[in-house]
Structures are given as structure tokens and as C-alpha cells.
There are 2 protein chains.
Amino acid sequence: MRSSQLREKLSASGLKITPQRMAVLEAVHRLKDHPSTEKIIAHVQKAHPNIAVGTIYKILETFTDKGLLSKVKTEQERMRYDVVTQRHHHLYCAETDRIEDYMDEELSAMLEEYFRHKAIPGFEVKDLRVEIKGHFLKEQPH
Amino acid sequence: MRSSQLREKLSASGLKITPQRMAVLEAVHRLKDHPSTEKIIAHVQKAHPNIAVGTIYKILETFTDKGLLSKVKTEQERMRYDVVTQRHHHLYCAETDRIEDYMDEELSAMLEEYFRHKAIPGFEVKDLRVEIKGHFLKEQPH
DNA sequence: GTACCTGCAAAAGATTTGCATCTTT
DNA sequence: AAAGATGCAAATCTTTTGCAGGTAC
């Protein structure tokens, strides 16, 4: 994603464009696999050692508030982040800490359809996401 | 759930029956809505002020290892726990911190069926769970 | 009796906060 | 110029750890 696009994202959210925010935004876009706060801090500070840890925490909170990022929940560990894009599901590996996005329009559509017909008493459904747990296969059979 | 049943649960998992473990097990069974560690500690210590916080952490970890409890992931907060029973899904309220179990055999079956036919390349599916986000309705229409 | 548990208190981490200073708009 | 951000360091909070003593089996 180009730098100008990142700038736009910030402006569109009503945030001032600062080098610190640009650095964090670039980091979360570059780091795949749902980086932890720790990874984000390391990545940002590699290029900008002068950016304070406290600032990065504040920026991540701001981004989450503004909907630029979402927090991903993990069972064992600390917070991890996800760039907000379209609806997707998550693959969780039971053995490693890997989390991967899983796009599946058909699955999303099936679930939406399901809940269009089946109401949950006393609850209004806004978003649906499947947690798929299992493990990544070491090698593809051939 | 009766005390004798809780004892059995411990024995069946190869754990020694101690008053501390009984207290924690009772607490997580009594506290609905996926209690946080904090809530569990408060509940346990109300009746047994002498049980150490460190011990409760250790017990929760042991229970999770043995499969008596599972950790529930939340976006905003700390760890929360869930008594392991049958497969179920979770309703997350966007406004409050409420998490509720949602049993739906039909939904579970539909997902299983779906993934029996649709393989995810390089990933073996072990468990499926739907995160349903939205909000609880204040009042039932009548 | 032995293996396993617990209590305690210290340590380790992660995240938050307050405030003076600096930047973006 | 004003509003909003940042840097720094201290404070807070949660969770983990080590170990001596205790308890269930």
C-alpha cells in the first residue's frame, strides 16, 4: 500500500498525520500474520528508534478506536492486531501461534443466509466470523 | 452441579482433590457469563480468604491444561473462562462485556458439513466455532 | 512416604498515565 | 494560535516464579 494511501486513511479518520502514526500504520500493513504489540514495536523502532513505546500503545489504541485496526483475540497470548478490510475468518493453529486470515465468500454468505432466517431471541446479529482451529500441514502431499 | 460430581471431574482428570481446587471449580460453575480471573478470585476469596491468588492462577492453568476449562478470547479485556461442555458458539455484545453461550446444533452441523466437502489447502480443521457479534436487545417486543 | 499442591512474596511483563514539550492544521 | 500528539518515566496491573512447608493419596 502506498504511503499516500496511508495518509488518506489517517485523514479520512480525522487523525493528524504524524511520522509516528505513519510508521505504525506502515508496520501493521507490512507485518502479516496479525502482529503482536511487541512485534509492531520492534518493527517501528528498527527504523525509528526514537519513537517511544508509550506512543505506540497510544497510537494502536487510537487506530482501534477509529476502526483502522481491530484487535484479534488469542487464547494464550497478548493482544494482536489485524488491519481492517473485508469480512474474513481466522485459522488458528493449535500448535504454533500462527493466525491466518481465511477468506471464503461462500462461507460468509451461507452464514448470513442462515441468520437471516434464524433469529436469536433477544439478540441482534451484526457480524459473523468463524474461528477455525486445527493445524497447518507441514508439507503438501504430492 | 453437585459437589460429588465436581470431585469426580477432578479425579477423572488425574488431579488431587484439594479444597482450593474445589473452590475454584465451584466458582467457575456458579459464575455464569464467562468470568474473568478477577471475578473468579473475588468469588473464591469471599468464602475462602486464605486461598492465595497465585494458587488460583495455578489452578486455572491446570484446569485449562486438563481440558476442564477453556479460555475465551475477548478483544478488550483480560482472559475469561468457560466451563468445557459441548460444542457451542459465542454471542459477543459490542456495547457491554457480556459473552453468552449460543447452542445451535443445526449451525454446528451445517459448518461441519461444509468443511467436510470444502478443504482448506494446507490446513486441517479440528474445531469450528462462530463468533456472533451484535447486541442484546433491551426488551422483548410484545 | 512420596508426589503433588499451596502460600507467600518477589519478580517479571505489559499497559497506562501525567505532564511538559513539540507538531500539525 | 489552538488543538492535538509525542516523549519520558513513574505507576499500575496482571501474571509468573521459586521455594519452603503442607496435604492427598
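This is a predicted model: local features need pLDDT of at least 70, side-chain atom pairs count only at pLDDT 80 or more; totals for chains, interfaces and linings use all residues.
Author: Helices and strands here are DSSP runs, numbered from the N terminus.

Reader: Which residues come nearest to DNA strand D?

Author: There are 17 residues around DNA strand D, and the nearest are Thr18(A), Gln20(A), Arg21(A), Thr55(A) and Tyr57(B). Of the DNA strand D atoms that come within 4 Å of the protein, 74% are sugar and phosphate.

Reader: What about polar contacts? How should I read one?

Author: Look for a pair of N or O atoms within 3.5 Å. On DNA strand D, a sugar or linking oxygen sits 2.7 Å from a side-chain N or O atom of Gln20(A), and a sugar or linking oxygen is 2.9 Å from a side-chain N or O atom of Arg21(A). Ala52(A) uses its backbone instead: an N or O atom there is 3.2 Å from a phosphate oxygen of DNA strand D. Helix H2 (19–30) and H4 of chain A, along with H4 of chain B, each give two or more residues to this surface.

Reader: Now the other strand. How many residues surround DNA strand C, and which are the closest?

Author: 18 residues do, and the closest are Tyr57(A), Thr18(B), Gln20(B), Thr55(B) and Lys58(B). For DNA strand C, 76% of the atoms within 4 Å of the protein belong to sugar or phosphate, with the rest in bases. The residues of this surface come out as seven nonpolar, five polar and six charged.

Reader: Which element gives the most to the surface near DNA strand C?

Author: H4(B), with three residues. Helix H4 (53–66) of chain A, plus helix H2 (19–30) and helix H4 (53–66) of chain B, each supply at least two. A polar backbone atom of Asn50(B) lies 3.4 Å from a phosphate oxygen of DNA strand C.

Reader: Let's move to the sheet. What is the order of its six strands?

Author: First the general idea: strands of a sheet pair through backbone hydrogen bonds, in either a parallel or an antiparallel sense. In this case the open sheet runs E4(A)-E3(A)-E5(A)-E5(B)-E3(B)-E4(B), with mixed pairing. Strand E4 (99–102) of chain A and strand E4 (99–102) of chain B are at the edges with a single partner strand each, so one side of each has no neighbour in the sheet. On average, neighbouring strands are turned by 30 degrees against each other, direction ignored.

Reader: In which sense do E3 and E5 of chain A pair?

Author: Parallel, over four bridges. As an example, Tyr92(A) has Lys133(A) as its bridge partner in E5(A). Helix H5 (residues 105–117) of chain A packs on the sheet, touching E3, E4 and E5 of chain A as well as E4 and E5 of chain B, and its direction makes about 140 degrees with that of E5(A).

Reader: And what does helix H5 of chain B lie across?

Author: E4 and E5 of chain A, together with E3, E4 and E5 of chain B, running at about 140 degrees to E5(B).

Reader: Last one: which domains is chain A divided into?

Author: Domain 1 (3–82) and domain 2 (89–134). Their centres, taken over C-alpha atoms, are 25 Å apart.

Key. Residues are numbered from 1 along each chain as its sequence is written. Chains are lettered from A and ligands numbered from 1 in the order in which they are written. Side-chain values use heavy atoms; hydrogens and water are left out. A residue is near a molecule or strand if one of its heavy atoms lies within 4 Å of it. A polar contact is a pair of N or O atoms within 3.5 Å; within protein, one must be able to donate a hydrogen and the other to accept it, and residues adjacent in sequence count only if both atoms are side-chain atoms. Ala, Val, Leu, Ile, Met, Phe, Trp, Tyr, Cys and Pro count as nonpolar, Asp, Glu, Lys and Arg as charged, and the others, Gly among them, as polar. Two strands pair if DSSP finds at least two bridges between them. Axes are lines fitted to C-alpha atoms, for helices over the stretch in contact, and angles run from 0 to 180 degrees between N-to-C directions. Contact means heavy atoms within 4.5 Å. Domain bounds come from an automatic or database domain assignment.
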